[in-house]
Structure formats: structure tokens, C-alpha cells
Amino acid sequence: MSALVACALYAVVVALTLHALLDCVRTPSSRVRFLPKTLWVLFLLSAPVLGGLAWRYLGARPMAQEPSGARNDSGAQGFAQV
């Protein structure tokens, strides 16, 4: 049973690290805070758990939110002008 728990914890660490690495690589440099992206990647690889949590909460600036009324996903833009 303890081997199963160890494997599950290992899988969680690997998933967290891969998610943080992919997010770091895909994030535009203009949204990265505190360190250059290459140093973030090195930090993520050297300290997977701490690096992943640091990237999540400190690494990337949040994306700007659009006002809820400004977005029109219905595809009927021509009908709104009638």
C-alpha cells in the first residue's frame, strides 16, 4: 500500500512540474515577473514542488479580464446593429 502512495505522490509531483514548465514556456515574456524565463525554467527543474508553486503564485502576471458585456461570442454581430 505504501508503494502505491509513493507512486501517486511521484505522479503528482511530475504532473505539477510538467504543467508549470509548459505554462512557463508558453507564457509571453511580457507577463513574466521577477526573473527571466530561463531562470524560472532552471528553478522549476531544480526544485520541482517549490518551483511549481512559486511559478503559480509569483511567476506570471494574471491576464487582463475583459468586461463581461464587451464580449460577443454569439457570432451575430450584424444583428446587434439592426
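A pocket is here an open set of grid points where a 1.4 Å probe fits, with protein on both sides within 12 Å along at least five of seven lines. In this predicted model, the largest pocket holds about 220 Å³ of space. Its lining is made up of 14 residues, and those closest to the centre of the pocket are Asp23, Trp55, Arg56, Tyr57 and Ala60. Two elements, helix H1 (2-26) and helix H3 (48-59), each contribute two or more residues to this lining.

The packing of the helices was examined next. Two packed helices are described by the angle between their axes and the distance between the axes. For H1 and H3, the angle is about 45° and the axes lie 9 Å apart, an arrangement that makes H1 oblique to H3. The crossing in which H1 passes H3 is left-handed. On the H1 side the contact is formed by Val13, Leu16, Thr17, Ala20, Asp23 and Cys24, and on the H3 side by Pro48, Val49, Gly52 and Trp55. Seven of the residues in this contact of H1 with H3 are nonpolar, two are polar and one is charged. Asp23 and Trp55, which take part in this contact, are also among the residues closest to the centre of the largest pocket.

Helix H2, which spans residues 37-46, packs against H3 at an angle of about 140°, with the two axes 6 Å apart. Because angles count as roughly antiparallel when over 145 degrees, H2 and H3 are classed as oblique to each other. From H2, the residues Trp40, Phe43, Leu44, Leu45 and Ser46 meet Pro48, Leu50, Gly51, Gly52, Ala54, Trp55, Leu58 and Gly59 of H3. The contact of H2 with H3 comprises nine nonpolar and four polar residues, and no charged ones.

The remaining pairing to be described is that of H1 with H2, where the angle is about 175° and the axes are 10 Å apart; these two helices are therefore roughly antiparallel to each other. Here Thr17, Ala20, Leu21, Cys24 and Val25 of H1 are in contact with Lys37, Trp40, Val41, Leu44 and Leu45 of H2. Of the residues in the contact of H1 with H2, eight are nonpolar, one is polar and one is charged.

Note on methods:
Residues are numbered from 1 along each chain as its sequence is written. This is a predicted model: local features need pLDDT of at least 70, side-chain atom pairs count only at pLDDT 80 or more; totals for chains, interfaces and linings use all residues. Side-chain values use heavy atoms; hydrogens and water are left out. On a 1 Å grid over the protein atoms alone, a cavity is a set of points where a 1.4 Å probe fits but cannot get out, and a pocket is an open set with protein on both sides within 12 Å along at least five of seven lines; lining residues have an atom within 4 Å of a point. Grid points are joined across faces, edges and corners, and a volume is the space filled by probe spheres set on the points. Helices (H or I, at least four residues) and strands (E, at least two) are DSSP runs, numbered from the N terminus. Axes are lines fitted to C-alpha atoms, for helices over the stretch in contact, and angles run from 0 to 180 degrees between N-to-C directions. Angles under 35 degrees count as roughly parallel, over 145 as roughly antiparallel, 65 to 115 as roughly perpendicular and the rest as oblique. A crossing is left-handed if the near helix is turned anticlockwise from the far one by less than a right angle, and right-handed if clockwise. Contact means heavy atoms within 4.5 Å. Ala, Val, Leu, Ile, Met, Phe, Trp, Tyr, Cys and Pro count as nonpolar, Asp, Glu, Lys and Arg as charged, and the others, Gly among them, as polar.
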